[in-house]
Amino acid sequence: MANDKSKPGSLLIKGGHVIDPAAKINAPMDLLLRDGRVAEIALPNKIRGGTDEKFDARGLMVAPGFIDLHVHLREPGQSYKETIATGTAAAAAGGFTSVCTMPNTAPVVDNAEWVAWLRHAERGAVVNVFPIAAATVHSRGAALTDFAALQRAGAIAVTDDGKPILDDEIMRAALRLGAELNLPVVQHAEDTRLTENASMHEGPTSFRLGLRGMSAAAEASVVDRDVTLAQQIRESRLHVAHLSTSDALKAVRRGKRAKARVTCEVTPHHFTLLDEDVGEYNTNFKMNPPLRSASDREAILVALADGTVDAIATDHAPHATHEKQVEFERAAFGITGLETALALAITKLHREHKIPLPRIVDLFTAGPAHIFDLRGRGSLARGNFADVTIFDPKKRWTFEAAKSRSLSRNTPFDGWQFTGKVVATIVGGKIAYRAE
Amino acid sequence: MMHRLPSYAMNKPARGSLLGIEHLEDKEILGLLKLARRMNPLKARPLLRNKRIVLLFYEASTRTRSSFEIAAKSLGAMTTLVQSSGSSIEKGESLLDTGYTLRAVGADAIVIRHPAAGAPHLMAKHLDIPVINAGDGMHEHPSQALLDAFTILKHKKSLKGLQIAIIGDIYHSRVTRSNCHLLSRFGAKITLCGPPEFVPDVAATLSPGLRVTRHMEEALRGADVIMLLRLQKERLAGQKIRLQDYVARYQMTAARMKLAKRDAIVMHPGPIIRGLELTAEVADSPQSKIIDEVHNGVPTRMAILARALGKAK
């Protein structure tokens, strides 16, 4: 750790292999961080002069700090599940230097005061926190919030995540106002009229288990409508959260081809698991959107590789044991994900599906930074924020939920063996996490 | 490569638990059917003397509850009925806490009926006593499938090659799910019949060799066994299907009976609604084994309870 908490000094990261897709760098480089910024990036052994600290990165990958567009840190109001302090500690352990928090807390983050509260130093965040505010009052889908005031307070986007913005006119108005302010509207795409009482993907597994299913169409129809609206409204920005179906991807592709400002994110669990993995009602495999069919997962893998997907986001959704150790239909939706995201990306996407590492780094850095205009982040260009993620793509390890830094343990990946591990996470030039 | 370690897995269900047919081994099914044939509630031996069996019912039931209770008492066990109304369940006690409580008062086995699929599985993973599924949501109703197989085998030599038509609201039916797992496992050829709202195409994926049809004629032609299901009127609300259309297309009538084999039998897990899924004429015909099924429920459940408490001799 840096000695002086308030003033980061200088840190030389030496001997590593830098992957910075935005700067088109994929080569051995040294990196000098000073006063919270990237001071210099240069070929090995070219950086002269003394530094306060050195980090030996030999054999390691050095990347721009990872950005997670989609986390639930549960404050205000649900600190028994997670706090900003514990959630950001888990983020740091997972290599994330920035997280974007969802507003479906208690109360809902639908005014400027709560946005400011989230960003306050007293919350004890160890990584950057970028609040996403509610798009409608109390996220009830009826009346828009004051986007301009929320944006001034620091909100980087608006959403009613956990619920969709279903009403056509409200969604149109949200995209219009977002366009005026250059503020992305994030959609949780689920036609809830079709998913009442449903607890998993609709298919052979849900039929066999006697569980009501959420059809793929319930997601795709909303994405389809939203893309059409985004095409109609000039300068509007639509971001599709946790996209999970093949048909929704088709709608996103249609929007991108038409040059609409449409982006999307995919979670590690959707590119890893299938609906049938719920087994005998294991509630750690229950989330919304649900785990989908093999053909949906296949389509997601293709879209991750070909650039249709803009970012990997975790949808980190901690819940207490008593909310998960209940009947499957009654169990809370959501799983934790911050500490397993990179390991899943390397193990599944890189090693199994041969997606190159630079593309994976892109999905964690430049991709998400671009979606929410996080200026000075997502790349290690000189002058940018000194947010750096250092990882070992070959390190084998076993994830143990009991050792998680999150307050909750609701992960389907407990006991999984991975290849690829975060070694250090540097936020603003200071080491926020370092593997033992 | 990545692989899973079993650390997230909870405990295995206690020996003797009966959670469903799907994962029950063939020899267990055959063993239970054999044991059931030897059980006689009128001349029962007190195999389960001093055993305490809790009947935990979160849903209404006539047949299943009374036959489990009579089965338990015939074997000399004590029974206690716990229902959601009038218990701490009403006060918001969780399923697991209710289970721990019943274990603590000395239950040796729990028979549970619950509106949520998988509820017995949750309980079984956290308790060290046998849990018997008496119907969980739309998932399974294993004791009904066993008594249905028991009933069929009283009238037919073997399940192998039997043509079985199951007609009605398959989607909501836990009985059908259990029956499909059991009957297709032993070589029966099953046709599911009903409108798409009740028999979605995905139903055919439930077990090997299932067929789906919308036409009664197709389902009934050459059938050895006809299984009818109650049309759940309360579930028609919001469905596109109209009652009189359903009756016209899918009601079991004496005329339609003629399409099946001459010695075909008619079954129904009950409760039956005369004039809806079947006519009174069919319900009361000699081919109807609906009352037999209820009767056979007792020895079948005696076998299940004896096995649960390790007295399957």
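# A tour of chains A and B

Start with chain B of this predicted model: the C-alpha centres of its domain 1 and domain 2 lie 26 Å apart. To colour them separately, assign 11-141 together with 295-308 to domain 1 of chain B, and 143-293 to domain 2.

**Between the domains of chain B**

Next, display the contacts between these two domains. On the domain 1 side 24 residues take part, and they meet 21 residues of domain 2 of chain B. Select α1 (26-38), α2 (63-74), β4 (131-136) and α11 (290-308) of chain B: each contributes at least two residues to the side of domain 1 that touches domain 2. With six residues, α11(B) gives the most to that side. Colouring this side of domain 1 of chain B by class gives eight nonpolar, 10 polar and six charged residues.

**The parallel sheet of chain B**

Now select the strands β7, β6, β5, β8 and β9 of chain B, which form an open sheet in that order with parallel pairing. Which strands stand at the edges? They are β7 (211-213) and β9 (265-267) of chain B; each has a single partner strand, so one side of each lacks a neighbour in the sheet. From one strand to the next, the twist averages 20°.

Go to β5 of chain B, residues 163-167. Four of its five residues are buried, so this strand is largely enclosed by the rest of the structure. Five bridges link β5(B) to the parallel strand β6 (residues 189-193) of chain B. To see one of these pairings, pick B:Gln163, whose bridge partner in β6(B) is B:Lys189.

Then move to β8 of chain B, residues 225-228, which is joined to β9(B) by three bridges, the two strands running parallel. Here B:Met227 stands opposite B:Met267 of β9(B).

**Where chain B meets chain A**

Show both chains and select the contacts between them: 24 residues of chain B are in contact with 22 residues of chain A. On the chain B side, the elements giving two or more residues are α3 (95-104), α4 (119-126) and α6 (174-185). Of these, α4(B) gives the most, with three residues. By class, the side of chain B that touches chain A has 13 nonpolar, eight polar and three charged residues.

**The nonpolar cores**

Select A:Leu31, A:Val62, A:Val158, A:Val252 and A:Leu304. In the largest nonpolar core, of 129 residues, these touch the most other members. The core draws at least three residues from each of domain 1 (10-62 + 385-406 + 415-434) and domain 2 (65-371) of chain A. Centre the view on A:Val62: beyond its neighbours within four places in sequence, its contacts include A:Leu31, A:Ile13, A:Val18, A:Val388 and A:Ile390. Another core, of 103 residues, lies apart from the largest one. Its members include A:Phe285, B:Leu75, B:Leu127 and B:Ala203.

**Last stop: a loop in chain A**

Finish at A:Ile47, in the loop between β5 (37-42) and β6 (53-56) of chain A. How many other C-beta atoms lie within 10 Å of A:Ile47? There are 18, and because burial requires 20 or more, A:Ile47 is partly exposed. Leaving aside neighbours within four places in sequence, A:Ile47 is in contact with A:Leu12, A:Asp30, A:Leu32, A:Glu40 and A:Ala42.

Terms used:
Residues numbered from 1 in each chain as written. Chains lettered and ligands numbered in written order. Predicted model: local features only at pLDDT ≥ 70, side-chain atom pairs only at ≥ 80, totals over all residues. Pairing = 2+ DSSP bridges. Axes fitted to C-alpha atoms, helices over the stretch in contact; angles between N-to-C directions. Domains from an automatic or database assignment. Contact = placed C-beta atoms within 7 Å. Nonpolar A, V, L, I, M, F, W, Y, C, P; charged D, E, K, R; others polar. Core = buried A, V, L, I, M, F, W, Y, C linked by C-beta atoms within 7 Å. Buried ≥ 20, exposed ≤ 12 C-beta atoms within 10 Å, placed from the backbone.
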